[in-house]
Amino acid sequence: MRLAGALVARILARIAEMARPGVTTADMNAVAEEMIAKAGAQALFRGVKTRQAKFPFPAALCTSVNEVVVHGIPSTRRLEEGDIVSVDCGVRLNGYCGDSAVTLRIGQVSHGVQRLLSVTQDALELAIGLIRPKTWWSDVAGRIQAHVEAAGFSVVREFVGHGIGREMHEEPKVPNYIDPRDRRQDFMLRSGMVLAVEPMVNMGAAAVVYGDATGWPVVTQDGSPAAHFEHTVAVTDGGVDILTLV
Ligand code: MG
Ligand code: MG
């Protein structure tokens, strides 16, 4: 899993270098496709089907621009100064999966958008810092939620992190909020668990809708920008090990 995670990290680092006005998310996807093929790995998102989607996901990367929260399809539209793009990459290498996402700035972004990115990235780092055996996930999720809401932003409810291993999406569900009406899905962290932790944060309200008839891009209902950061992390005896680092 460390090898799969390192490949994802290398891809995202390379994509980050491309993030400037004029580049397209299709250009980013092409680079990811090439790196994945060269490594002998498999792109996990390509071919994914959902109940709502009109066709299987057609790319290696999810590229979600501005008000798109997740599941944006790479396109030939040029990114502009002030845009943000969440780039999510998942691969399988030697039978094991890695999954990570980062939200990139295109040129200068507004102060508010910069704060959205900082708060979301800090929420992920805060969560990772709390991961250790015998901790209830709800304690971590509550801290993510509190951090985001204290900044005046909202945590997306419809999409959550996940266990990861031989498959990209394994049990348990790893939410970024607490649902006081449903504590049954809570779980205790144990050494050897591997989780994809991925806060999705909206600048405005938490509600999301599908952005078009394809059933793929998920957008904020109020049109406000959204940010998304993700790491694949292993729970260890001593705490935590981030697998999606170069
Ligand atoms: Mg991901
Ligand atoms: Mg994920």
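Start by selecting helix α2: its buried residues (under 20% relative accessible area, 1.4 Å probe, protein chains only) pack against α1 (2–18), β1 (42–43), β2 (61–65), β4 (84–93) and β5 (96–105). Contact here is heavy atoms within 4.5 Å, and helices (H or I, at least four residues) and strands (E, at least two) are DSSP runs, numbered from the N terminus.

A quick note before you click on: this is a predicted model, where local features need pLDDT of at least 70, side-chain atom pairs count only at pLDDT 80 or more, and totals for chains, interfaces and linings use all residues. Residues are numbered from 1 along each chain, ligands from 1 in the order written, and side-chain values use heavy atoms, without hydrogens or water.

Now colour T25, M28, N29, V31, A32, M35 and I36, the buried set in α2. They sit on the same side of the helix because they cover an arc of only 160 degrees around the axis, taken from the directions from the helix axis to the C-beta atoms.

Next, zoom to the magnesium ion (ligand 2). Its protein donors (N, O and S atoms within 2.8 Å of the metal, or 3.2 Å for Na, K and Ca; water is not among the atoms, so sites may look incomplete) are D99 (OD), H162 (NE2), E198 (OE) and E230 (OE), 2.1 to 2.2 Å away. Show ligand 1 too: this magnesium ion lies 3.1 Å from ligand 2, and D99 coordinates both. Finish on E198 and E230, both buried.

Key:
Buried means under 20% relative accessible area, exposed over 50%, partly exposed in between (1.4 Å probe, protein chains only).
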